[in-house]
Amino acid sequence: YKQTVDLLTKWVSEDYDLSAPATINEECFHKLRSELQQGKKLGLKGNPLAKSTIQRLFTNIRQLHNRTQAVDQEPQKLLRPMVDARLINRLLFFNTLTAQTQKAIITFEQSATRPPYDKQLMTGQTRKGSAESTLFILRRLGVNGLEQITPEHIASLTANPDASNPEYRCICGLLHHASCLFRFCKRKGLLQNNPLENIDNSSFANYAIRDFLPPDQLEILLDIHGAKTGILVDFKNELSVRDRLVALLLVDLALRRSELASLSWGNIKHNRNDDSYTIRLGPENQKMATKPTVILPILYPSTQELLERYAQMRGIKIGQQSNTPLILDKRQCPASSGTIAIIVKQLGEKMGLRTYHQSTLSCHDLRRTFASCNVKPLGLELDLQEIAERLRASINVVHQHYILQNPLLQEAKAKKYRDRLKPKDVDEESLE
């Protein structure tokens with residue numbers, strides 16, 4: 001991407017005042033593309049550019065922009081709409097960074113792998129978020145190189161620790177996300193030191209809002225035939241089946257979106273004795289590569305029915321060894337974690353689903369829904385150990401988040417106490 005950044009900066013500098021980059025919008029990019037196709041713009045050495053080079057440059061610009069600005073719509077032609085010159089501002093700032101820093105960030109965005117085995121790429125969302133947080137910190141500190149950041153710089157950002165202060169929590173979150181990039185770059189020899197080595201992101205964990213679908217909304221999601229709600233799945237439409245299946249798998253198995261994106265049909269086993277299905281989650285499928293393999297049974301009948309229908313529509317025989325991706329996107333390519341996030345968001349809007357805190361539905365809301373709605377005595381009445389196994393989380397974390405801080409449990413207890421305080425009926429008193 002280095003050549004793309006240099007060329008774009010050169011071309012923009014020829015026509016626009018870079019002191020006011022907000023004047024650079026989508027129309028300017030259309031004009032630039034036309035001039036390039038007509039041969040009016042030259043390369044860094046003053047040479048004409050081949051047609052294939054021009055197309056590749058704009059593809060790189062689009063990819064850079066995709067990492068800069070989250071947009072749910074499909075790309076329009078070669079370039080998504082530009083708003084307030086955010087892409088230009090990012091590229092110009094990136095071009096002011098030291099060569100070592102540019103190499104570190106580009107290497108991280110393109111090929112960052114998960115420790116400790118370095119065999120699996122980090123998710124695109126993780127790489128994008130970490131790089132963006134790093135750029136923000138560089139701007140905030142007023143330095144132009146990662147190698148220039150010291151522990152004293154980091155201490156200045158968190159000089160007034162106050163977990164109840166939203167700005168402090170935001171800074172801590174950015175540092176935590178950026179630490180992923182620093183660890184990778186130090187491990188690969190791209191940086192000598194890691195000033196974020198001792199960053200702790202737990203200081204404001206108790207202030208986080210962990211949203212989920214309440215039981216009545218979960219019932220709507222599970223009602224695939226529309227018997228109670230009228231919102232049914234079109235069993236003749238593959239996308240309709242796929243979208244609801246994605247949401248139900250995230251709930252039923254308490255999966256993260258990256259975990260669901262990594263699954264293939266070979267991860268599913270059919271148990272003929274009771275006609276049920278189990279999902280194998282290996283270390284390579286989970287968020288932390290150090291976690292052991294777990295076998296998760298599918299519990300909700302709706303999930304099983306949609307899984308069987310989706311397999312039938314795709315010509316898959318469940319139980320056979322296969323590397324075929326479990327979920328496909330509209331182009332019949334393996335669905336990424338970003339695609340799964342869009343599927344869930346659009347499904348939630350289409351069905352009118354609202355979370356407990358009246359927010360838009362997300363993938364992680366569905367993961368939390370299983371634990372929030374099924375811990376004993378709610379729903380499936382699973383005990384603490386069973387919930388922890390389902391979430392692949394520690395007992396302490398599950399107890400804190402889904403017992404002590406579970407609003408459904410608090411409401412159930414309050415109702416029980418109120419029932420005890422209700423005046424007894426006359427018939428009950430006479431019986432006593």
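Helices here are DSSP runs of H or I with at least four residues, numbered from the N terminus. By that count, arginine 392 falls in the loop between helix 15 and helix 16. The model is predicted.

**Helix 10**
- Helix 10 runs over residues 238–252.
- Its 15 residues should span 21 Å at 1.5 Å a residue, and the end C-alpha atoms are 20 Å apart, which agrees.
- Helix 10 is mostly covered, with 12 of its 15 residues buried.
- Among the buried residues are Arg242, Arg244 and Asp252.
- Others in the buried set include Val241, Leu245, Leu248 and Val251.
- Asparagine 237 caps the N-terminal end of helix 10. A side-chain oxygen of asparagine 237 lies 2.9 Å from the backbone nitrogen of leucine 239.
- After helix 10 comes alanine 254, with a positive phi near 50 degrees.

**Helix 16 and what covers it**
- In helix 16, residues 395–404, the buried residues are Val398, His401 and Tyr402. They sit on the same side of helix 16, because they cover an arc of only 90 degrees around the axis.
- An α-helix has 3.6 residues a turn, so residues three or four places apart point the same way.
- The cover over the buried residues of helix 16 includes helix 14 (363–374), helix 15 (384–391) and helix 17 (407–421).

- Glutamine 358 lies in the loop between helix 13 (337–351) and helix 14. Its phi is near 60 degrees, a positive value in a residue other than glycine.
- Is glutamine 358 buried or exposed? Glutamine 358 counts as exposed, because its relative accessibility is 54% and the cut-off for exposed is over 50%.
- Proline 377 is in the loop between helix 14 and helix 15. A cis peptide bond joins lysine 376 to proline 377, with omega about 10 degrees.
- Arginine 392 also has a positive phi in a residue other than glycine, near 55 degrees. Arginine 392 is buried, at a relative accessible area of 9%.

**Cysteines**
- How many disulfides does the structure hold? The structure holds 0 disulfides.
- A disulfide is a covalent bond between the sulfur atoms of two cysteines.
- Cysteine 363 counts as buried, at 7% relative accessibility.
- Cysteine 373 is buried too, with a relative accessible area of 5%.

Notes
Residues numbered from 1 in each chain as written. Predicted model: local features only at pLDDT ≥ 70, side-chain atom pairs only at ≥ 80, totals over all residues. Heavy atoms only, no water. Buried < 20%, exposed > 50% of the residue type's maximum accessible area, 1.4 Å probe, protein only. Helix = DSSP H or I, 4+ residues; strand = E, 2+ residues; numbered from the N terminus. Arc of directions from axis to C-beta. Contact = heavy atoms within 4.5 Å. Disulfide = S-S within 2.5 Å. Expected span 1.5 Å × (residues − 1). Polar contact = N/O pair within 3.5 Å; in protein donor to acceptor, adjacent residues only side chain to side chain.
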